[in-house]
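Please examine the structure shown below.

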Amino acid sequence: MSPAWYLRRLRRMSPKEVSGRFGDAARKRRWRRLTEAPSEAAWLAQRRFATVFDAATLAAVPQVATASVVAAADKLLNGKAEYFGVIRDDLVNPDWSFDPKTGRHAPTDTYSFDIAYRSEDTVGDIKQIWEPSRHQHLTVLAAAYALTREDRYAERIADHLKSWWAANPPMRGVHWVSGIELGIRLLSWVWVRRLLDGWAGAPGLFEDNPEALHQIWHHQRWLAAFPSRGSSANNHVIAESAGQLAAACAFPWFPESRLWRTQALRSLDEHLQRNTFDSGLNQELASEYHGLVLELGLAAALEAEAAGTAVPESTWLVLLRMTDALASIVDNKLRPPRQGDGDDGHGLILDGADADRWASLLATGAKLFGPLEWWPAVPAKDVRAPLLAALSHGPLPSAKRPEKRPNHFADAGLTILRDGEIWCRCDGGPHGFLSIAAHAHADALAVEVRHNGVDILADPGTFCYHGEPEWRSYFRSTLGHNTIQLDDKDQSSTGGPFMWTRHARSRVLTQGPESWSAEHDGYAPAIHRRWVQLADKELQISDEIISNRRHRGRLAFHFGPAVEVDLDGTAAKLTWHGGSAVVELPSELTWTLHRGETEPPLGWYSPGFGRKEPAATLVGTGFAGVLTTILRFHS
């Protein structure tokens, strides 16, 4: 990163954070010696893995879920998998430092903290390298073993773990750079060991294997030494704490285990509360990270309970609020908003690729906390929910819960309007979390609309983090969302791919079951004010720019890839499988239709990290004043 970036980053830190980071830098210099003379782990003489499942628990997994995970495991045995849109067929014996997207190899014999892991020229696409090393494909293989008792799945797991441990000694290569990677990897190892119970080779692979003990100890020592802090204490610190807690509870094989367990439990409780609004929504205001944090929090808390470690009531109450909030905001197909960043990150994977993570989270919550009357119906079709719930030993702490389905989350500034099959999200909340708002988009007052689960007015998604700055900028830009851009500028100012240096401030003015209004000051002294109403299959959006001078505006409406758009002057016909609608556009603007353009990017939809596809975008250009748009759905 450039010196200017470091200066901008430093300005977003508190004095306490700066002091902590200087301490981290000094520690990193001291740890360099580990590449020459690694610290030796010491372990206890008596070691066993205690928290396993009985036959009845495994038999309770739905047959459809078993068939799905076995099919996924069989593909993995053939060496095939997909990561962020890149198909791999080399996973029989993987190269753990190879990026198939760029063809580059990351350094393997370099001190970890010396590697410029954000540089695609140096390592390739780091996400492509890190993702297989979260070892979540191994938890899929382990689930297949537990449900079939076929040794071939266990044997492939053993091959991969031995290969990874040999290729990644402590503090060498890119897999010892980021705490979130170490935390999720530890959680995967806990579940691999649990699901391999009954396989004769399991003890020799883990508790009786010096190399495994060495790796587990070094992972936990790393996490204790380098926690995410200050302006970076977002979902990363949750993953670090969750992995540390799970490993210290399930692998209590070291003299430090009790200390690590105590520290991790305290950190998890503290940061779950800091990362979560009182309403239960995640403070990063990025829906996928709400799911990631909830998965990690549940897995870690249940691991502690299974080991007999008392989990604070406050931890359970945050997880309860998060679960109820998720049930509140999903559409009628159980899809949450596509707000903010998303990188397809999961805390724990025990299912095939066709599993619905949101249904699984709600099914887990229903088993642990009990579903409320207003909750949507949740199918029981996954492996993870019954197995996670089986770790619970009894009733969990409870609190007063919503009697009716909430549609407005005041602290998060998020409102959901519903009219039959029509679902609409309105954004009037904070720009993002902490001083850098790492996973925020410049999307103040944006709306997102679906019809029976189909994206009509779509949030375009994320697509990428590193390596493609023009695309990173587009997908988190104001023009890239269903709102107004003034004077060709974003509402908030970016200082890097994960940093915003100026945050637009929004506030909700009114909200009700059918309407919502809010404003933001991202173009101060000008104010953008928006009013939305949904009733009788008609969505009306009114925009007003309050200013003492005229501003050139661009009002954008992005459509999902399933929607065909036919523009005729100031009207557009929309069609998709199962529905149609018409849009009456403000006549004060000149309207153009865009799709799949690259110079500059416009008219794109990202269905998942690393993937994008052309989609229709309407842009109205002119001098903004008072503008009214009507989206009318046909019966």
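Ala556 stands opposite Val619 in β24, in a predicted model for which local features need pLDDT of at least 70, side-chain atom pairs count only at pLDDT 80 or more, and totals for chains, interfaces and linings use all residues. Residues are numbered from 1 along each chain as its sequence is written, and side-chain values use heavy atoms, with hydrogens and water left out. Strands (E, at least two residues) and helices (H or I, at least four) are DSSP runs numbered from the N terminus.

**Four-stranded sheet**

- Strand β15 (residues 552-558) pairs with strand β24 (residues 616-623) in the antiparallel sense over seven bridges; two strands count as paired if DSSP finds at least two bridges between them.
- The open sheet of four strands runs in the order β8-β15-β24-β19, with antiparallel pairing.
- From one strand to the next, the twist averages 25 degrees.
- Strands of a sheet pair through backbone hydrogen bonds, either parallel or antiparallel.

**Eight-stranded sheet**

- An open sheet of eight strands has the order β11-β12-β13-β14-β25-β18-β17-β16, and its pairing is antiparallel.
- β11 (506-511) and β16 (564-568) are the edge strands, each pairing on one side only.
- Neighbouring strands of this sheet are turned against each other by 15 degrees on average, direction ignored.
- Five bridges join β11 and strand β12 (residues 515-520) in the antiparallel sense.
- Thr510 stands opposite Ser517 in β12.

**Packing of α7 and α9**

- Helix α7 (residues 136-148) packs against helix α9 (residues 179-195) at an angle of about 15 degrees, with the axes 9 Å apart; axes are lines fitted to C-alpha atoms, for helices over the stretch in contact, and angles run from 0 to 180 degrees between N-to-C directions.
- That angle makes α7 roughly parallel to α9 (angles under 35 degrees count as roughly parallel, over 145 as roughly antiparallel, 65 to 115 as roughly perpendicular and the rest as oblique).
- The crossing of α7 and α9 is left-handed, meaning that the near helix is turned anticlockwise from the far one by less than a right angle.
- Residues of α7 that meet α9 include Leu138, Ala142 and Tyr145, and among their counterparts in α9 are Ile184, Trp191 and Leu195; contact means heavy atoms within 4.5 Å.
- By class, the contact of α7 with α9 has nine nonpolar, three polar and no charged residues (Ala, Val, Leu, Ile, Met, Phe, Trp, Tyr, Cys and Pro count as nonpolar, Asp, Glu, Lys and Arg as charged, and the others, Gly among them, as polar).

**Packing around α12**

- Helix α12 (residues 235-250) and helix α14 (residues 287-306) pack at about 20 degrees, their axes 8 Å apart.
- α12 is therefore roughly parallel to α14.
- The crossing of α12 and α14 is left-handed.
- The contact of α12 with α14 has 13 nonpolar, one polar and one charged residues.
- The axes of α12 and helix α13 (residues 257-274) come within 8 Å and cross at roughly 145 degrees.
- The crossing of α12 and α13 is left-handed.
- The contact of α12 with α13 divides into eleven nonpolar, five polar and one charged residues.

**Overall form**

- The secondary structure of the protein comes to 18 helices and 25 strands.
- The C-alpha trace spans about 75 × 55 × 45 Å along its principal axes.
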